[in-house]
Amino acid sequence: MKYLFSFILIVFVTQIALAQDPLETEKWQLFFTERPYLEKALNINDETFWDVDETYTYYTSYPVLLVYSDGTSREINWSFGGLSTLINKQEALEDIDFERYEKENLAYIVFDGYLLKNPEIGNAIQGDFMIVYAEGPISIYREYYSSPITRDNTSSAFAIYKESELEDGFYLGKFEKKAAKLVGDYPKLAKKITDKIIGYRNEEDDLIRIAKEYNRLVKENNPYRYDDHYLKFWQGRF
């Protein structure tokens, strides 16, 4: 009886472990709390994307985390010939349920330190993804809007969100005026932009710097507001 009880307990514990959501494991919690993808994304632009792509040309059965909009997740294996095929889904998941999972409301794909965001939550993914550069009250994404992404048609643009709302008119008008208005609740930061101080001009790196500085100011002065769109999405999980 003693051995039977031990066996049942082991089976029960094993079943719990197997049923555990990957996001509840230390491996993935650290990824989302420490956010290494914010630094890794800085190395990617239209010119360097294919250098990154070639890094993964010979990978097979690489672990990938799929995160759905309802807060659930699934860790699967991907067999592919580069980062572009992961984004475009040109090769199948090593999973018999690929057809079903493909059509779920997939919010994020996590791959080797990259966080790829689906800009069309609630729809089947068509192949366009955003790489996350900065997250917070102001979030910056590099949006790849040509599908499929190939060497001949790779193109991207920064997508800017304020409090989870797309600033779709950001590039209509002078950068200094638009950017200063975006961070207007912190006048000193806004003045750096209007004064065209080096590091706060109309450059991609500068825009990321501005977003990160703004997010830091919000976190220091209004920590409750610092629950950005991503943290709100995962509120209560970590």
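Biologist: What is the relative accessible area of Glu54?

Modeller: Glu54 counts as partly exposed, the class between buried (under 20% relative accessible area) and exposed (over 50%), with a 1.4 Å probe and protein chains only. The value for Glu54 is 42%.

Biologist: What kind of model is this?

Modeller: Residues are numbered from 1 along each chain as its sequence is written, and side-chain values use heavy atoms, with hydrogens and water left out. Local features need pLDDT of at least 70, side-chain atom pairs count only at pLDDT 80 or more, and totals for chains, interfaces and linings use all residues; this is a predicted model.

Biologist: Which residue forms a salt bridge with Glu54?

Modeller: A salt bridge here is a side-chain nitrogen of Lys or Arg within 4 Å of a carboxyl oxygen of Asp or Glu. In the Glu54 pair, the closest N and O atoms are 2.5 Å apart. Glu54 lies in helix H4 (residues 49-55), and 97 residues away, in the loop between S6 and S7, is its partner Arg151. Helices (H or I, at least four residues) and strands (E, at least two) are DSSP runs, numbered from the N terminus, and the residue asked for is Arg151.

Biologist: How many residues apart are Lys40 and Asp112?

Modeller: The two side chains meet in a salt bridge of 3.9 Å, N to O. Lys40 is in helix H3 (residues 37-40) and Asp112 in the loop between strand S3 (106-111) and strand S4 (114-117), which links distant parts of the chain. Lys40 has a relative accessible area of 26% and Asp112 one of 27%. Their separation is 72 residues.

Biologist: In which helix do Asp206 and Arg209 both lie?

Modeller: Their side chains meet in a salt bridge of 2.8 Å. Asp206 counts as buried at 8% relative accessibility, whereas Arg209 is partly exposed at 38%. The two are three residues apart, about one turn of helix H9.

Biologist: Which strands are the edge strands of the sheet?

Modeller: Two strands pair if DSSP finds at least two bridges between them. Eight strands form an open sheet, paired antiparallel, in the order S2-S1-S3-S4-S5-S6-S7-S8. Each edge strand pairs on one side only, and the two are strand S2 (73-78) and strand S8 (165-166).

Biologist: Which exposed residues are carried by the face of H7 turned away from its buried side?

Modeller: The buried residues of helix H7 (residues 175-182) are Phe175, Glu176, Ala179, Ala180 and Leu182. Seen down the axis, they fall within an arc of 155 degrees, so they line one face of the helix; the arc is that of the directions from the helix axis to the C-beta atoms. The face turned away carries Lys177 and Lys181.
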